[in-house]
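Hello,

Please find the structure we talked about below. My notes on what was found in it come after.

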Amino acid sequence: MRPDDARHMHRALELGRRGMGNTWPNPAVGCVIVRDDTVVGEGWTQPGGRPHAETEALAQAGEAAQGAAAYVTLEPCAHHGQTPPCTDALIAAGIARVVAPFVDTDPRVSGLGFDQLRAAGVEVATGVCADEAAEDHAGFFSRIETGRPLLTLKLATSLDGRIATASGDSQWITGADTRAYVHHLRATHDAVMVGAGTVRADDPLLTVRGIDVPRQPVRIVVSRRLDLPINSNLARSVDIAPVWLCHADDAPEDARQAWLSRGAKLIEVPLHGRQVEIVALMQALGDAGLTRVFCEGGGELAASLLAADVVDGLDLHMGGVVIGAEGRPALGALGLGKLADAPRFELKSLRQSGDDVVQSWTRQRRQSQA
């Protein structure tokens, strides 16, 4: 690794993050082209997944790309899709060196990009900022390797773990700064998901507001029987942001037709007991192309996701208020008999947000017993 490799890769990662939430099913990649220690081109994957970061940066660099180094946050693609391979573009532009964190696990690439570059005489260096890049691309890798998107669960609670009073009043447990941060989180995910109870109780819009975004996230509601108000904010705003409704096969036909007429997308999921089967739900969202999903509750859906062990990250936003035992809990029943079976998370970050505390946790993989 050369002295400036990490610095240029950090810039490429910064650029790639601009595409988060907008590039699915493609990864949000960043690219920086450097010649004689001068940055001559920058790019990131555009909304909808194309053009790719490399072609954007090469277009900016022009003839200055000849003999330059390209810093890319993921192995350049080597297959023909809706656009030609980025390896072809890099080779044709005369790039002399490509620096990337690691191999792309997508079987259409999986080392072929690096092989093509080396065969053309391009130097390839890997291992630069690999941990940071792995975090940024975790959603893309999750869909490729497991078939489901990365899932982040957000819980906004009182100090005693309640999300509303007994009457359902919840506005507002957290302050303005924390609520603004939630819009940032929505903007960096492909979709926002809630349960039917949240829609009936709060009539949320679930769009990104206060931030300019090129593409609003998909709004997903998990509702077994589609028992949702057809005059809700979601129904009235399908032209602003997509609405996907995940239901079971016993959802009434009239409810299906009503939502289809409004422009919603319906996804049928198998039943597991009295609820939709959560693993099948997540697989269906992966099949639809989603890589990063941000779930905002409610308590029953959150508990189901945790019980199914599909929550990859937990964002806990705690307001400085106490509600009491009669308030509504943040989670429904998990049915745990032993503490050893409880889902566990590792603390990633902790910060003050106005008068609130924002905690970010990552999933702790369960260790197999010898």
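**Notes on the model**

Ser-353 is buried, with a relative accessible area of 5%; buried means under 20% relative accessible area, exposed means over 50%, and partly exposed is in between, with a 1.4 Å probe and protein chains only. This is a predicted model, in which local features need pLDDT of at least 70, side-chain atom pairs count only at pLDDT 80 or more, and totals for chains, interfaces and linings use all residues. Residues are numbered from 1 along each chain as its sequence is written, and side-chain values use heavy atoms, with hydrogens and water left out.

**Around Ser-353**

Ser-353 belongs to strand β17, residues 345–353. Helices (H or I, at least four residues) and strands (E, at least two) are DSSP runs, numbered from the N terminus. Which residues does Ser-353 touch, not counting residues up to four places away in sequence? They are Asp-177, Thr-178 and Val-358, where contact means heavy atoms within 4.5 Å. With Thr-178 there is also a polar contact between the two side chains, at 2.8 Å. A polar contact is a pair of N or O atoms within 3.5 Å; within protein, one must be able to donate a hydrogen and the other to accept it, and residues adjacent in sequence count only if both atoms are side-chain atoms.

Ile-95 touches Ile-33, Leu-58, Ala-65, Ala-68, Ala-70, Leu-90 and Val-122, leaving aside residues up to four places away in sequence.

**Strand β1 and its partners**

In β1, 5 of the 6 residues are buried, so this strand is largely enclosed by the rest of the structure. β1 pairs with β2 in the antiparallel sense over 6 bridges; two strands pair if DSSP finds at least two bridges between them. Ile-33 has Gly-41 in β2 as its bridge partner. β1 also runs antiparallel to β3, joined by 4 bridges, and Val-34 stands opposite Ala-69 in β3. The hairpin of β1 and β2 has 2 residues between the strands, and Asp-36 takes a positive phi there, near 55°.

**Helix α2**

Which residues of α2 are buried? They are Ala-53, Glu-54, Ala-57, Leu-58 and Ala-61. Seen down the axis of α2, these buried residues fall within an arc of 125°, so they line one face of the helix; the arc is that of the directions from the helix axis to the C-beta atoms. An α-helix has 3.6 residues a turn, so residues three or four places apart point the same way. On the other side of α2, Ala-59 and Gln-60 are exposed. The cover over the buried residues of α2 includes β1, β2, β3 and α3 (86–92). Gly-62 follows α2 and has a positive phi, near 60°.

**Backbone points to check by eye**

Most residues other than glycine have a negative phi, and most peptide bonds are trans. Asp-37 has a positive phi, near 65°. Asp-37 is in the loop between β1 and β2 (38–44), and is exposed, with a relative accessible area of 64%. Cys-129 has a positive phi too, near 55°, but is buried, with a relative accessible area of 14%. Cys-129 lies in the loop between β5 and α5 (130–136).

A cis peptide bond joins Trp-24 and Pro-25, with omega about 5°. Pro-25 is in the loop between α1 and β1. Another cis peptide bond joins Gly-297 and Gly-298, where omega is about 5°. Gly-298 is in the loop between β14 (292–295) and α12 (299–307).

**Around Leu-314**

Leu-314 is in strand β15, residues 313–318, and is buried, with a relative accessible area of 14%. Among the residues that Leu-314 touches are Leu-153, Phe-345 and Trp-361. Leu-314 and Lys-348 are 34 residues apart in sequence and 9.7 Å apart in space, C-alpha to C-alpha.

Regards
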